[in-house]
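Keep the structure open beside you and follow along.

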Amino acid sequence: MIWNEYIECMERDSLQKLQGERLRKMIDRLYFNVPFYRKKLQEIGFSPGDVTSVEQLKDLPFTTKDDLRDNYPFGLFAVHQSEVVRVHASSGTTGRPTVVGYTRKDIDTWSEVMARTLTSAGANREDIVHVAYGYGLFTGGLGVHYGAEKIGATVIPISGGNTKRQIQLMKDFGSTILACTPSYSLFLAEAMLEEGLKPSDFKLRAGVFGAEPWTEEMRKEIEEKLGILAIDIYGLSEVIGPGVAAECPHKKGLHIYEDHFIPEIIDPVTLKVLPYGEIGELVFTTVTKEALPLLRYRTRDLTRLTLDKCECGRTLVRMEKCLGRSDDMLIIRGVNVFPSQIESVLLEMSETKPHYLLIVDRVNNLDTLEIWVEVDDQFFSDEIKQLENLRKKIQYNIETTLGIGAIIKLVEPKTIERSEGKAKRVIDKRKLK
Ligand code: DLL
């Protein structure tokens, strides 16, 4: 089943024409409504109207997460605040979150691309969609929610956490589609087993999993343990949230909803556009978004694109499963974490040194984060109570900054290895498994 056959199976020529028209209008909006972009476009001698086709994209300036941070919170919005009906946010590279906004039409666009995503996973109005992505500033919960309502499915907006209750309701309500991070789906599967439940006790038939990298091996495990079809869905807050790209049941790459988000692959070092098939950094230009249109936004996600025909009939370009990132962002329990956020917390505290080590692991399919922090000579004491208070303070500051819990371990001054080159701040044991 295809939600929007007209667009999803469009001839390439017609699609490119549509993209070109939309791009021209979007550049106009950027030029007239966002001083940041007007300046950038003027710097390269572009005026509105100059851009008429997607081929010209390669000559236009990029946008980065830092640009969003520098214009925090609403500086890149292209509409008056009264037009904005929703704000979401994700982690930025320092203390400031990356803030994104939506007009009513943007919410409609988002619902449309999420309706396509869910349909692509085989969902329809008969389904009961169990949304265990977090609701709130994170885009996962509400993104899936609106898409599921659009296709007329029954939504269970349970959000994350409270695994026992999740399992009970999934069973009692007969949920058929599970939406959560892939690692949480495995955690749920284990918990079901522990309670003596089997896949046949549930009515689940498919899952839409994303927000973090996962492998084919994980897919196999999820499909076996839950007895479902596991579909990879991709997105990022800056572009819209989930709903940027999704697999179809053939599971051979994620179809990108190119009528809204034009992808390019660039070499992250030379910034030159790479041809189809080559691995590089994924860049998106949003051509229909109103509140926060972005020109050549650098996602930092590494992948490659293919235009080969897909058996499902969709003509949209496909991206391979994400292969990694070109920056140091970690995704822990679905939450984006930058080591620099931890550094800024420690720098603000007089009792600690900005020497730290992050140890990320996966225990029982749940990510764990342990942070070793060096205590300043002056504050290092033999008195346990004093150190325990300090540990609690760091834990609180880190948790409020990152939005996830961490185990803090205080270590004596100069115990964390100093490296001569780039500091080694992260040990990600998940990759070794
Ligand atoms: O994670 C949006 C989302 C919610 C996508 C639910 C899918 C499902 P952010 O919090 O802004 O948005 O994080 C975006 O997460 O740049 C990728 O690095 C990573 N990511 C998202 N989906 C996938 C995926 C949401 N399917 C960042 N595979 C992106 C690998 C993913 N990485």
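Predicted model: local features only at pLDDT ≥ 70, side-chain atom pairs only at ≥ 80, totals over all residues.

Start with the open sheet whose four strands come in the order E20-E19-E18-E21, with mixed pairing. Strand E20 (407-411) and strand E21 (426-428) sit at its edges, and each has a single partner strand, so one side of each is left without a neighbour in the sheet. Going from one strand to the next, the twist averages 15 degrees.

Strand E19 (residues 366-375) and E20 run parallel, joined by five bridges. If you want a landmark there, find Val-373, which stands opposite Leu-410 in E20. Helix H10 (residues 339-348) packs on this sheet, where it touches strand E18 (352-363), E19 and E21. The direction of H10 makes about 140 degrees with that of E18.

The next stop is helix H11 (residues 384-402).

Which residues of H11 are buried? They are Leu-387, Leu-390, Ile-394, Ile-398 and Leu-402. Look down the axis of H11 and you'll see its buried residues fall within an arc of 85 degrees, so they line one face of the helix. The spacing makes sense: an α-helix has 3.6 residues a turn, so residues three or four places apart point the same way. As for what that face meets, the buried residues of H11 pack against strand E17 (335-337), H10, E18, E19 and E20.

The face turned away from the buried side carries Lys-385 and Tyr-396, both exposed. Just after H11 comes Gly-403, with a positive phi of about 85 degrees.

Lys-414 isn't a glycine, yet its phi is positive, at about 65 degrees. Is Lys-414 buried or exposed? Its relative accessible area is 65%, and with the cut-off for exposed at over 50%, Lys-414 counts as exposed.

There's another residue of this kind earlier on. Ala-211 has phi near 80 degrees, again a positive value in a residue other than glycine. You'll find Ala-211 in the loop between strand E6 (206-210) and helix H9 (216-226). Its relative accessibility is 32%, so Ala-211 counts as partly exposed.

Another open sheet of four strands deserves a look too: its order is E10-E11-E12-E15, and its pairing is antiparallel. Its edge strands are strand E10 (261-266) and strand E15 (324-325), each pairing on one side only. Within it, strand E11 (residues 280-286) and strand E12 (residues 297-303) run antiparallel and are joined by four bridges. Here your landmark is Gly-280, opposite Thr-303 in E12.

The peptide bond from Tyr-72 to Pro-73 is cis, with omega near -5 degrees. Pro-73 has its place in the loop between helix H4 (65-70) and strand E1 (84-90).

Note on methods:
Residues numbered from 1 in each chain as written. Heavy atoms only, no water. Pairing = 2+ DSSP bridges. Helix = DSSP H or I, 4+ residues; strand = E, 2+ residues; numbered from the N terminus. Axes fitted to C-alpha atoms, helices over the stretch in contact; angles between N-to-C directions. Contact = heavy atoms within 4.5 Å. Buried < 20%, exposed > 50% of the residue type's maximum accessible area, 1.4 Å probe, protein only. Arc of directions from axis to C-beta.
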